[in-house]
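Please open the model in your viewer and keep the selection tool at hand. The tour below moves from one selection to the next and says what is to be found at each.

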Amino acid sequence: MAKTKITNEEALAFHMEPNPGKWEINATVPMTTQRDLSLAYSPGVAVPCEAIAANPETAYDYTNKGNLVAVISNGTAVLGLGNLGALGSKPVMEGKSVLFKRFADVNSIDLELDTEDPDKFIDAVKLMGPTFGGINLEDIKAPECFIIEQRLKEEMDIPVFHDDQHGTAVICAAGLINALHISGKKIEDVKIVLNGAGAAGIACIELLKAMGARHQNCIVCDTKGVIYQGRTEGMNQWKSAHAVQTELRTLEEAMKGADVFLGVSVKGAVTQEMVKSMADNPVIFAMANPDPEITPEEAHEVRVDAIVATGRSDYPNQVNNVLGFPYLFRGALDIHARAINDEMKIACAHALAHLAREDVPDEVALAYGKSLSFGRDYIIPTPFDPRLIHRIPPAVAKAGMHTGVARRPIIDMDAYEHGLRGRMDPTQSILRGLNARARAAQSRMIFAEGDDPRVLRAAVTYQRSGFGKALVVGRPEDVRSKLEAAGMGDAVRELEIVNAANTQHFDTYKEFLYKRLNRKGFDRKDIHRLVGRDRHVFSALMLAHGHGDGLVSGATRKSAHVLDRINHVFDADADNGSAGVTALLHNGRIVLIGDTLVHEWPDENDLANIAEHAAGVARHMGLEPRVAFVSFSTFGYPVSERAEKMHIAPSVLDQRGVDFEYEGEMTVDVALNAKAQEAYPFQRLTGPANILIVPARHSASISVKLMQEMGGATVVGPILSGVDKPIQICSTTATANDVLNMAVLAACNIG
């Protein structure tokens, strides 16, 4: 699989556009009228203030404390970059905050404290305690991180969790549970060697000991070798706690006969000779980033029986902290926990381990482009498994309740799990799956409008993201100048720039097009001009002849014009059964609207065709179709001949015997609102519709643009369905990211 390439310019642009930074704040209450303001602030706000002063526990009822975590750092150990200082760490902390939201719907704010004095740091965090439901410490160097976390845990009444330590430890423990299960060994019997006695390493070995590993069986090594009893050089109290009585002095000596190796050290620390000397079915967790202590290929070259995990996403068994911290905090916050203790961390590890042993959902396999099943190459769940949100927090919450740290225990655990399922944005997994499929397809994508900077940026990103080859239709000098203006001048060497002047197929294209159009009023001069000067026609001809696998156009000309040009080459009109379907992504929902491109005024048979096309698009995107034929009337009232075809269209599908849900005619609120549907117990939809079939193209256009401008919906489409080859037409207002999304859809052959 192709590796993703990210340039400095792209990384900076990502953090700068559309607004600087990675998150913003939105109000959750109305702030429109004077009454709203009076309730939100003075005088109404005095009431909850007095209630909280009288009973502090009610802060969880009347404020956002119960779902708010602070990500706090002083920037002394930023990723692998070292001490960048508080301000230099802010992009990382913002990133951690949005991961909390993305994976577990936990609100989070980043705080960067400009001090390296542990006492000042501790005092600052303690003073902010009333604001938050939990504290996530991040990127603080050892040994100060141990001091800071321990004191804050002792002195604060909310969870304090240093993720660099315990996040790695929890995922490592989950993987080890399964690795030992596969190899038929018990944790209390195995010999474990840890290389790297920093924050993460110490936390890993401490958690494993809490789970049953024996102190004498655990050998800890640092840059000076084995930490043994009596050693004085390079020691501190945290290392001393794991010193053992042994004659072993080097990592090489310690590895002989070892069952488990845990590495949180540096690239190349482990040799093939060391791996050879390990016990049968060795477990090797080489977690150094960005490059492991030994690669899986190197380990398996000498030990086919080895179970190997790394910190990298391009190898199996990734030890990824995002599997832990969002769900640990989710469970802790939901019981208003006073702390995250060892029992909660162990419960998280066991829940992750058990999840990896279950059948993997189809959408996960689809997202990763391969089948996944429990075994040596799959001992840890993938970060995008949709079950994590409703499986891990309940396990954490139960452990917190059993150990007495819950202020407000969960009474109905089934209802809690059901509520967790509803917290996640399904559009994220859909887009993730599409991206994975595009990477697997490796399509040669034709970008028709190489004179537009948005299209060029999308083309560069398409190729650098590992989706496939980008073929840009344009003039080389024009492409070069526009890429340079966009700060991406180096990309011109990566793209393949195609035009009528440099193609070897000009005459072939002309002959093909003349045969299609000579009875439609086009002579050879017309054909020569079309092929030589019209980029949309030229791009379509490339696609028709297999000189590319997909086509994206429409950023510079209106969709009707582009569709007209494409129809010179393909049969992409209403008479040939084509349709346009637009996806709207908004507030965690995805709704498809058709027809937004082809049919001006469809009749009931056309509407049924559009519904079938839209259902196919929905299934390609991982949705189970629920179609609503929408109008201004619901099931015949009010009566209008304008609504009649919407009333008849479902009966056309009845006759066809299609295999998806559909109903109509109905108003949009009935289609999208399960509560409104209850007023019509006879209707056949089992939930809110995710496909709206509208009466005409103008109503489709109005609906989409209204949602885009007033509702802030993300628009993907129109998706051209019913054409032999993947062609996607974006709008003239499309951003570079919108163009990229259309290219991904074309690569997945959705249509």
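This is a predicted model: local features need pLDDT of at least 70, side-chain atom pairs count only at pLDDT 80 or more; totals for chains, interfaces and linings use all residues.

Begin by selecting helix α9, residues 163–183, together with helix α16, residues 342–357, whose axes come within 8 Å and cross at roughly 45 degrees. The two helices are therefore oblique to each other, and α9 passes α16 in a right-handed crossing. To display the contact, show H166, V170, I171, A173, A174, I177, N178 and H181 on α9, and K345, C348, A349, H350, L352, A353, A356 and R357 on α16. By residue class, this contact divides into 10 nonpolar, 4 polar and 2 charged residues.

Next, select Q318, which lies in the loop between β10 (307–310) and α15 (325–334). Is Q318 buried or exposed? Its relative accessibility is 18%, so Q318 counts as buried. The Q318 side chain reaches the backbone oxygen of G311 at 3.2 Å, and, leaving aside residues up to four places away in sequence, Q318 touches T310, G311, R312, S313, L323, I380 and P383.

Finally, select helix α27, residues 604–620, and helix α28, residues 641–656, which pack at an angle of about 60 degrees with their axes 8 Å apart. That angle makes α27 oblique to α28, and α27 passes α28 in a right-handed crossing. Among the residues making the contact are L607, A608 and A611 of α27 and I648, A649 and V652 of α28; the contact as a whole divides into 8 nonpolar, 2 polar and 4 charged residues.

Key. Residues are numbered from 1 along each chain as its sequence is written. Side-chain values use heavy atoms; hydrogens and water are left out. Axes are lines fitted to C-alpha atoms, for helices over the stretch in contact, and angles run from 0 to 180 degrees between N-to-C directions. Helices (H or I, at least four residues) and strands (E, at least two) are DSSP runs, numbered from the N terminus. Angles under 35 degrees count as roughly parallel, over 145 as roughly antiparallel, 65 to 115 as roughly perpendicular and the rest as oblique. A crossing is left-handed if the near helix is turned anticlockwise from the far one by less than a right angle, and right-handed if clockwise. Contact means heavy atoms within 4.5 Å. Ala, Val, Leu, Ile, Met, Phe, Trp, Tyr, Cys and Pro count as nonpolar, Asp, Glu, Lys and Arg as charged, and the others, Gly among them, as polar. Buried means under 20% relative accessible area, exposed over 50%, partly exposed in between (1.4 Å probe, protein chains only). A polar contact is a pair of N or O atoms within 3.5 Å; within protein, one must be able to donate a hydrogen and the other to accept it, and residues adjacent in sequence count only if both atoms are side-chain atoms.
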